[in-house]
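Thanks for coming, everyone. I'll walk through one protein today, so please keep the picture in view.

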Amino acid sequence: MEETMKLATMEDTVEYCLFLIPDESRDSDKHEEVLQKYIERIMTRFAPMLVPYIWQNQPFNLKYKPGKGSVPAHMFGVTKFGDNIEDEWFIVYVIKQITKEFPELVARIEDNDGEFLLIEAADFLPKWLDPDNSTNRVFFHHGELCIIPAPRKPGAESWLPTTPPTIPQALNIIAAHPEKILASESIRAAVSRRIRGYPEKIQVSLHRAHCFLPAGIVAVLKQRPRLVSAAVQAFYLRDPIDLRACRVFKTFLPETRIMTSVTFTKCLYAQLVQQRFVPDRRSGYRLPPPSDPQYRAHELGMKLAHGFEILCSKCSPHFSDCKKSLVTASPLWASFLASLKKNDYFKGLIEGSVQYRERLEMAENYFQLSVNRPESSLAMSPGEEILTLLQTIPFDIEDLKKEAANLPPEDDDQWLDLSPDQLDQLLQEAAGKKESESISKEEKEQNYDLTQVSESMKAFISKVSTHKGAELPREPSEAPITFDADSFLNYFDKILGPRPHESDSDDLDEEEFECLDSDDDLDFETHEPGEEASLKGTLDNLKSYMAQMDQELAYTCIGKSFTTRKQVEPVSQTTDNNSDQEDSDTGESVMAPVDVDLNLVSNILESYSSQAGLAGPASNLLQSMGVQLPDNTDHRPTRISTKEETKCSRSTASVPQKDHCSFCHTSQNPRRDALWDL
């Protein structure tokens, strides 16, 4: 993590760094003090948003990190987000807002996948940018995403290094050329779309449910709502050793259970609900029948109680609680509390009131976890924290029962079940597409144009394909694809020579190649004599190969497996009926050309229908190109008549006349096959 500054390597972990813009006049001896002040200001400024947030595993935090090698001293933080990916993107929003509030700061963020911001905007990245050269190029500055470009030619831009920059080089470039390193609008829009809705989105991600819990857990959650995540994780990741402590409950007795309202994140609620678990009979946790209206509340409470009991079983009940004094004894606490009051964190509450004390308790907990983090040897485990609260917080079961009589209604959990239409909408939103809500689904299906299927497929075939993958035919701007037909036909004639005047069934039709792109320029003008001879020999071999293929296909029925379009010019009729068979055998009659679009669409629709509503090659390929097929409402099974079956020349299997052979995949157009082979 030196000059290359590679960050997160742990699974499901995000790491973030905040650097100060270089200032030669700054005293290096006071650099640590300056950064510590920034940490205090940042955590205080964003405390109203960070304090009530329920994290999956670890909270957002910052600490001073001294310089090492060429990497200057900076503010550093690491958060394990676990299964809740929204924690990671909330941190991205926080980092972006920090650089907006403090313009002298530059931030970079990575997770175990690397530059995940570039992964999110992968469809809009420039071609030169790849994982090998993206190190130390992606930053947040002034609340905007910045990408340090690479010079188009070595030495073209003196301020751009030819290799990935070091951290000092990157900071100097950002300070000197902030307007030239701004990421493109499409890249910034892709990242902004992912964090759109914060901070209001925090409340949307919560779920409130009724739970039948022991009174001790109710009292603990009133003081530490965030401990619900530790309890859910303990139950979710339980093992047989953990369950030994739940055979007979020692801390949270089932006889003290009361109804309460618990706030989860949607991720935590889903993890708890989807777990199937039968408690030990010796535990005393018995559930009502599933038909009981309160069955869900009893089940959730039982699971959550097991999680809290597992946490408490992992620590000694005789631990010292002297660590508690570390919070308010810190010299930073007084200034931190004053900053909270200045930023109206307490919302005008009377000092000493119940709500004031609750918010003060949350602030102390936040300060300990995020601002003044103790060493790992001194940090409290969740179980120790729970036992400490049980020893220090007085609570009356009768008062809690009175509160249970006036609980707010719980949230609807229908969001756990997604319909196919909702899933399609989520996928479209993730792809950044917008559809008019005024158009009904039936109207879309009635006005669906199948030509976009064929045009998209043609454009896809025309694009460049390498070992890294194939390019999609649509650009971020949805600009139409341009094609120079004359240039392509000229290149094609140079390969195959001039075409005969009469059109055969296996000749290339101009209309079949209207979709092909001429991005890859072929240069046939400047060749050495030896190269021209080699090229001529290659063309002769290709023509010989095509002639042999034409001869082989002439004795098969593969041509009948394609749908043809009507011949424009009338075919001369012979008066002698006996000569019809002879004319067909000699191939002198003019055959109708293949309807490429119709065959393409029919085969794609048949493949789509065979997916039976599941994911498959047809739907995946079309959706990647922005083409959404309507639902298949025709569920009639397709039956093939024996009269419509024929034999393939390369297999003994019977295939329908209107389908391609699934064994040899022979195409009607041998010259096009030869072009692909070339």
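Let's begin with a term: a contact means heavy atoms within 4.5 Å. In this protein, residues 24 or more positions apart account for 77% of the contacts with a separation of 6 or more.

Now, the ground rules. This is a predicted model, where local features need pLDDT of at least 70, side-chain atom pairs count only at pLDDT 80 or more, and totals for chains, interfaces and linings use all residues. Residues are numbered from 1 along each chain as its sequence is written, and side-chain values use heavy atoms, with hydrogens and water left out.

Next, the overall build. The protein has 26 helices and 12 strands. Both are DSSP runs numbered from the N terminus: helices are H or I with at least four residues, strands are E with at least two. Of the 678 residues, 40% count as buried. Buried means under 20% relative accessible area, exposed over 50%, and partly exposed in between, with a 1.4 Å probe and protein chains only. The protein exposes about 39,100 Å², and carbon and sulfur atoms supply 51% of that. Those areas come from the Shrake-Rupley method with a 1.4 Å probe; for residues, only the protein chains shown count as cover.

Look at helix α12, residues 295–313. How far does α12 reach from its first C-alpha to its last? It spans 27 Å with 19 residues, close to the 27 Å expected at 1.5 Å a residue. The expected span is 1.5 Å times one less than the number of residues. Helix α12 is mostly covered, with 16 of its 19 residues buried.

On to salt bridges. Here, a side-chain nitrogen of Lys or Arg lies within 4 Å of a carboxyl oxygen of Asp or Glu. The structure holds 15 of them. Take Lys 201 and Glu 86, which meet at 3.5 Å, N to O. Lys 201 sits in helix α7 and Glu 86 in helix α3, 115 residues apart. Lys 201 is partly exposed, at 24% relative accessibility.

Glu 385 has two partners to show you. With Arg 224, the closest N and O atoms are 2.7 Å apart. That pair links helix α16 to the loop between α8 and α9, 161 residues away in the chain. Both ends are covered: Glu 385 is buried at 8%, and Arg 224 at 3%. Glu 385 also bridges to Arg 226, at 2.6 Å, N to O. Glu 385 lies in helix α16 and Arg 226 in the α8–α9 loop, so this pair ties together parts 159 residues apart in sequence. Arg 226 is partly exposed, at 22%. Elsewhere, salt bridges with shared partners join Arg 296, Glu 299, Lys 303 and Asp 413 into one network.

What about disulfides? The count is 0, where a disulfide is a pair of cysteine sulfur atoms within 2.5 Å. Cys 315 is buried, at 12%.

Last, some backbone details. The peptide bond from Tyr 198 to Pro 199 is cis, with omega near 5°. Pro 199 belongs to the loop between α6 and α7. Asn 136 has a positive phi, near 60°, though this residue is not glycine. Asn 136 is in the loop between α4 and β5, and it is buried at 0%. Asp 12 also has a positive phi, near 55°. Asp 12 comes in the segment before β1 and is partly exposed, at 26%.
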